[in-house]
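Me: I should like to learn how to read the features of a structural model, one at a time. Please give the general idea before each case.

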Amino acid sequence: MNVKQFVVQSGMIIVFGFVVLAAFLIAPQFLSLNNMISLGLQVTSVGIVACAMLFCLAGGDFDLSVGSTLALGGMVAVLVANASGSLWLGTVAAVGAGAAVGSVNGVVISRFGINALITTLATMQIVRGLTNILGHGTPVTASRPGFEYLGNQTFFSIPLPIWIMIGFFVLFGILLNKTVFGRNTLAIGGNREAAHLAGIPVARTKMAVFIISGMAAAFAGVITASRLVVASNNAGEKLELQAISACVLGGVSLSGGVGTMSGTVVGVLIMGIVENVMRLKNVDAFYQMVVTGIILLLAVLLDRAKYRLLAKQ
């Protein structure tokens, strides 16, 4: 392995090490146990959504509706739980609503050949509007006792949402690397025509990818609502950009065909650490938006530079 290959394959691990070191030097309390748990909770939603976004990007598409779907999932979970008295029925209803949003995206993109940007941009608006209609434009408080279980329970002194996020990382990592579905998704993103000629069910695979994306986003919404014991109609705003940034930072190609779960985990953590340190230093929210935007831009430039480097080899 030469230096260029090492930089391409391990660059983000090196960057991650520098980010952790810089975070510690800027804010020494960064490495405290309480802050590590706070960081884990902070990236839970992005981490869960990024798992599914990895499949969208690896397949050559992306899903801009995940932020709105997260809000819808939380709202449906609270309303159904309040009406039925069952947390689990609320959770199933929320995940079902996410699957419905993903199905619409999947059908329009895979069956009608409409661009993923236009399709998911439209569903983002539709789903946000539906969420506001359901909640009458205001947050809705969960009245059913025990609704906070998923979001506030601990296991070995670590909050359950962090364990759930780790479970998603493991599950989606296995799905990507050890199953035909994962290999088919990467093949479609690498060359759709070649994948079709090779007998891969392109439309069916894309459909499944978007349904999974919708379900994951809605489930993240259930956890968020459970933590806060309230469903916010504004939840998940800009989540889609955070998830895409985390994936691209972790080496997932915007062109499709390339992506790893380990890289996505690193991307999620880098995004979370930067935001966490800014909060520890009480950086103004407007400056945080600027920094987040710069990270997204750098992620895209890094993606382009990496593949130019690979093309020259």
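Reply: Let us start with burial: a residue is called buried under 20% relative accessible area, exposed over 50%, and partly exposed in between, with a 1.4 Å probe and protein chains only. Phe55 is buried, and Phe181 is buried too. This is a predicted model, in which local features need pLDDT of at least 70 and side-chain atom pairs count only at pLDDT 80 or more, while totals for chains, interfaces and linings use all residues. Residues are numbered from 1 along each chain as its sequence is written, and side-chain values use heavy atoms, with hydrogens and water left out.

Me: How many aromatic pairs are there?

Reply: A pair of aromatic rings is described by the distance of the centres and the angle of the planes. Rings of Phe, Tyr and Trp (its six-membered ring) pair if their centres lie within 6.5 Å; planes under 30 degrees apart count as stacked, over 60 as edge-to-face and the rest as tilted. The count here is 6 aromatic pairs. One of them is the stacked pair of Phe55 and Phe181, at 5.8 Å centre to centre with 15° between the planes. Helices (H or I, at least four residues) and strands (E, at least two) are DSSP runs, numbered from the N terminus. In these terms, Phe55 belongs to helix α3 and Phe181 to helix α9 (residues 180-190), so that the pair links distant parts of the chain, 126 residues apart.

Me: Which parts of the chain does the pair of Phe168 and Phe219 tie together?

Reply: Phe168 and Phe219 are likewise stacked, with 5.8 Å centre to centre and 20° between the planes. Phe168 lies in helix α8 (residues 160-178) and Phe219 in helix α11, so this pair ties together parts 51 residues apart in sequence. Phe168 is buried, at a relative accessible area of 15%, and Phe219 is buried at 17%. Phe55, Phe168, Phe172, Phe181 and Phe219 form one aromatic cluster.

Me: Where do the buried residues of helix α6 fall when seen down its axis?

Reply: An α-helix has 3.6 residues a turn, so residues three or four places apart point the same way. In α6 the buried residues are Ala116, Thr119, Thr120, Thr123, Met124, Val127, Arg128, Thr131 and Gly135. Down the axis of α6 they fall within an arc of 155°, so they line one face of the helix; the arc is that of the directions from the helix axis to the C-beta atoms. The face of α6 turned away from the buried side carries the exposed residues Ile118, Gln125, Ile126 and Ile133.

Me: What span should helix α6 have?

Reply: The expected span is 1.5 Å times one less than the number of residues. Helix α6 (residues 116-135) has 20 residues and should span 28 Å, and its end C-alpha atoms are 28 Å apart, which agrees.

Me: How many cavities of 30 Å³ or more does the search find?

Reply: The search of the whole structure finds 2 cavities of 30 Å³ or more. The largest cavity contains about 60 Å³ of space, and Phe55 is one of its lining residues. Helix α11 gives the most to this lining, with 4 residues. The second largest cavity contains about 40 Å³ and is lined by Met271, Val274, Glu275, Met278, Thr292 and Ile295. Here α13 gives the most, with 4 residues.

Note on methods:
1 Å grid on protein atoms, 1.4 Å probe; cavity = no way out; pocket = protein on both sides within 12 Å on 5 of 7 lines; lining within 4 Å. Points joined across faces, edges and corners; volume = space filled by probe spheres on them.
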